[in-house]
Amino acid sequence: MYANQANTPERAAITVPVLRQRKSAGDKIVSLTCYDASFAAHLESAGVDVVLVGDSLGMVVQGLSSTLPVTLDQMVYHCAAVARGLRSPLLIADMPFMSYRDVPTALATATRLLAEGGAAMVKLEGGEWVTGIVRALAERDVPVCAHIGLTPQSVHKLGGYRVQGKQPADAERLLAEAGALAEAGADLLVLECVPAELASKITNEIAIPTIGIGAGVGCDGQVLVLYDMLGITPGRRPRFSKDFLRGHDSIDAALAAYVNAVRRSEFPGVEHSF
Ligand code: KIV
């Protein structure tokens with residue numbers, strides 16, 4: 001039975017204001033990606049706060065070498081499936097490559113992800129150039145998660161999946177972008193593969209919560225790709241991830257270990273950070 005069909009008592013829903021309260025209280029936000037209803041039901045039971053239908057599904061579900069070919073129809077399909085397995089976590093859907101290239105396209109994309117997919121927030125990648133898009137969505141009360149640092153949709157421009165913000169000028173640019181995105185109305189900010197010290201600085205300087213992936217323990221919350229943290233993804237695991245199924249005898253035990261480690265600031269350790 002999926003969570004939204006169950007008779008079990010409901011947890012308090014995680015909403016945009018709740019995420020802000022978590023930041024003010026210093027209570028960590030626990031997030032994972034998810035792509036289907038069955039895993040979603042396990043994430044619900046484990047007490048995950050924020051579930052992200054990431055376009056990483058192109059790589060971990062479809063076997064592609066990048067996220068670029070993922071379509072909006074595919075995102076809507078997976079998001080609707082995940083929504084059926086959830087009740088209380090905040091559900092975020094990635095806006096796929098080029099689906100927010102201008103304001104009208106972004107509004108149409110967000111409409112589908114919220115209305116058909118059941119998402120409560122959309123996520124988009126990019127710095128200065130997306131601030132106008134973030135503002136247009138926020139003005140229409142569409143909650144937005146921005147994503148800076150290593151932005152996988154820019155892989156060809158970046159020249160690979162590399163840590164960003166190591167040089168002082170790049171660090172300054174990321175700090176300025178974080179402030180501009182918050183000012184434009186973003187509700188949440190994913191920081192991917194940036195030095196831990198820079199991520200902490202950004203987290204302390206902006207009013208909205210930050211969620212790190214390869215960004216150190218100083219962020220307001222953490223996200224991992226579900227298949228990485230269960231050791232399912234073939235090949236070498238990224239340094240910033242950890243196989244939580246190793247040493248545990250079930251998926252539920254692995255999820256509980258991740259939730260506890262994030263809440264207690266035990267994950268990520270320095271060995272998972274840059
Ligand atoms: O697509 C995705 O899974 C993501 C996370 C890595 C943050 O954007």
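This is a predicted model: local features need pLDDT of at least 70, side-chain atom pairs count only at pLDDT 80 or more; totals for chains, interfaces and linings use all residues.
A polar contact is a pair of N or O atoms within 3.5 Å. The ligand itself sits in the largest pocket.

**Ligand site**

- The residues surrounding the ligand are Thr33, Leu52, Gly54, Asp55, Ser56, Asp94, Lys123, His147, Glu192 and Ile213.
- Ser56 places a polar side-chain atom 2.5 Å from an oxygen atom of the ligand.
- For Asp94, a polar atom of the side chain lies 3.0 Å from an oxygen atom of the ligand.
- On its own the ligand has 260 Å² of accessible area, and the protein covers 95% of that area.

**Thr33**

- Thr33, one of the residues that surround the ligand, belongs to strand E1, which spans residues 29-33.
- The relative accessible area of Thr33 is 3%, and Thr33 is therefore classed as buried, the limit being under 20%.
- A polar atom in the side chain of Thr33 lies 2.9 Å from the backbone nitrogen of Leu226.
- Beyond its neighbours within four places in sequence, Thr33 is in contact with Leu43, Leu52, Ser56, Val223, Leu224, Val225 and Leu226.
- Two of these contact partners, Leu52 and Ser56, are also among the residues that surround the ligand.

**Positive phi at residues other than glycine**

- Cys193 is not a glycine, yet its phi is positive, at about 50 degrees.
- The loop that holds Cys193 runs between strand E6 (188-192) and helix H9 (196-205).
- Cys193 counts as buried because its relative accessibility is 4%, where buried means under 20%.
- Ser265, likewise a residue other than glycine, has a positive phi near 60 degrees.
- Ser265 is located in the segment after H11.
- With a relative accessibility of 37%, Ser265 falls between the limits of 20% and 50% and so counts as partly exposed.

**Cis peptide bond**

- The peptide bond leading from Phe267 to Pro268 is cis, and its omega is near 0 degrees.
- Pro268 is found in the segment that follows helix H11 (251-263), and Ser265 is also placed in the segment after H11.

Terms used: Residues are numbered from 1 along each chain as its sequence is written. Side-chain values use heavy atoms; hydrogens and water are left out. Helices (H or I, at least four residues) and strands (E, at least two) are DSSP runs, numbered from the N terminus. Buried means under 20% relative accessible area, exposed over 50%, partly exposed in between (1.4 Å probe, protein chains only). A polar contact is a pair of N or O atoms within 3.5 Å; within protein, one must be able to donate a hydrogen and the other to accept it, and residues adjacent in sequence count only if both atoms are side-chain atoms. Contact means heavy atoms within 4.5 Å. A residue is near a molecule or strand if one of its heavy atoms lies within 4 Å of it. Accessible areas come from the Shrake-Rupley method with a 1.4 Å probe; for residues, only the protein chains shown count as cover. On a 1 Å grid over the protein atoms alone, a cavity is a set of points where a 1.4 Å probe fits but cannot get out, and a pocket is an open set with protein on both sides within 12 Å along at least five of seven lines; lining residues have an atom within 4 Å of a point. A molecule sits in a cavity or pocket if more than half of its atoms lie within 2 Å of its grid points.
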